[in-house]
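Reader: I would like to learn how to read the features of a model such as this one, taking the general idea before the particular case. Could we go through it step by step?

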Amino acid sequence: MALRRPPRLRLYARLPDFFLLLLFRGCLIGAVNLKSSNRTPVVQEFGSVELSCIITDSQTSDPRIEWKKIQNGETTYVFFDNKIQVKPVTPVCRVPKAVPVGKMATLHCQESEGHPRPHYSWYRNDVPLPTDSRANPRFRNSSFHLNSETGTLVFSAVHKDDSGRYYCIASNDAGSARCEEQEMEVYDLNIGGIIGGVLVVLAVLALITLGICCAYRRGYFINSKQDGESYKNPGKADGVNYIRTDEEGDFRHKSSFLI
């Protein structure tokens with residue numbers, strides 16, 4: 001029979017090693033003999049590699065081909081049921097550090113390399129959270145909703161019991177990955193302290209206003225140069241006497257000097 005060549009698998013290395021050693025094996029189901037041109041390929045990080053698999057002999061007309069990856073003693077699917085599978089990488093999680101009681105809070109979890117697209121689950125203090133807090137009596141004091149497709153965990157109004165250590169897990173058929181846990185604190189608003197601070201500010205403003213009014217009444221803000229009396233009674237220069245005569249019809253001055 002003619003040799004059959006299953007679809008080739010092209011991968012892109014994304015592991016943190018400078019040189020990546022890929023070890024792959026095919027799953028033999030029934031009497032199927034496989035041949036590969038390169039069983040131990042070596043590729044640099046972020047480089048591409050093509051893996052070949054040729055069926056040299058088969059007793060079935062429709063053999064099932066599976067690609068698996070062996071890494072650190074763990075085996076995961078890469079190609080299964082005619083679909084490419086990629087294990088998720090560590091998701092990026094964003095958790096608010098502190099939220100006041102009664103306010104809204106949103107936690108984000110996102111992973112972009114897993115295939116098929118992973119589903120997300122959130123944990124608080126190592127306890128899995130349901131998609132809706134109302135579905136579990138254990139979380140009756142909470143008011144959150146989890147979207148497992150987008151990875152968002154939304155609290156409509158946080159409660160003191162919502163404080164804790166949170167982390168997210170992204171998972172698909174090929175495997176799962178989790179982010180580092182992050183602490184979220186829910187604190188009470190000090191209403192009494194806020195009211196007291198506002199009253200103190202109002203009292204200080206009232207004292208300042210009262211002081212300004214008293215200063216105006218006592219004339220501290222009146223400019224003496226612009227006083228009306230200074231224009232009505234101009235001062236005379238020292239040593240000068242002004243005398244009016246009929247002949248001149250005007251003023252003339254007589255100087256007198258004091259020696």
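Author: Let us begin with burial, for which a residue counts as buried under 20% relative accessible area, exposed over 50% and partly exposed in between, using a 1.4 Å probe and the protein chains only. Strands and helices are DSSP runs numbered from the N terminus, a helix being H or I with at least four residues and a strand being E with at least two. This is a predicted model, in which local features need pLDDT of at least 70 and side-chain atom pairs count only at pLDDT 80 or more, whereas totals for chains, interfaces and linings use all residues. Residues are numbered from 1 along each chain as its sequence is written, and side-chain values use heavy atoms, with hydrogens and water left out.

Reader: How many helices and strands does the protein have, and what share of its residues is buried?

Author: The protein has two helices and 22 strands, and 28% of its 259 residues count as buried. Strand β18 is largely enclosed by the rest of the structure, because seven of its nine residues are buried.

Reader: Which strands are joined to β18 by bridges?

Author: In general, two strands are said to pair if DSSP finds at least two bridges between them. Here β14 runs antiparallel to β18 and is joined to it by six bridges, with Ser-121 having Ile-169 of β18 as its bridge partner. Strand β19 is also antiparallel to β18, through four bridges, and Ala-170 stands opposite Ala-177 in β19; β18 and β19 form a hairpin with two residues between them. Between β18 and β20, again antiparallel, there are three bridges, and Arg-165 faces Glu-183 of β20 as its opposite residue.

Reader: Where does the link of Cys-109 and Cys-168 lie?

Author: Cys-109 and Cys-168 form a disulfide with their sulfur atoms 2.1 Å apart, and this link is left-handed, with -80 degrees about the S-S bond. Because Cys-109 lies in strand β13 (residues 105–110) and Cys-168 in strand β18 (residues 164–172), the pair ties together parts that are 59 residues apart in sequence. Cys-109 and Cys-168 are both buried.

Reader: How many aromatic pairs are found in the whole structure?

Author: A pair of aromatic rings is described by the distance of the centres and the angle of the planes. Rings of Phe, Tyr and Trp (its six-membered ring) pair if their centres lie within 6.5 Å, and planes under 30 degrees apart count as stacked, over 60 as edge-to-face and the rest as tilted. A search of the whole structure finds four such pairs. The pair of Tyr-123 and Tyr-167 is stacked, because the ring centres are 5.1 Å apart and the planes are at 5 degrees. Tyr-123 lies in strand β14 (residues 119–124) and Tyr-167 in strand β18, so the pair ties together parts that are 44 residues apart in sequence. Tyr-167 is buried, with a relative accessible area of 6%.

Reader: Which residue lies over the face of Tyr-167?

Author: A charge sits over a ring if NZ of Lys or CZ of Arg is within 6 Å of the ring centre and within 35 degrees of the ring normal. Arg-178 lies over the face of Tyr-167, at 3.7 Å from the ring centre.

Definitions and conventions: A disulfide is a pair of cysteine sulfur atoms within 2.5 Å.
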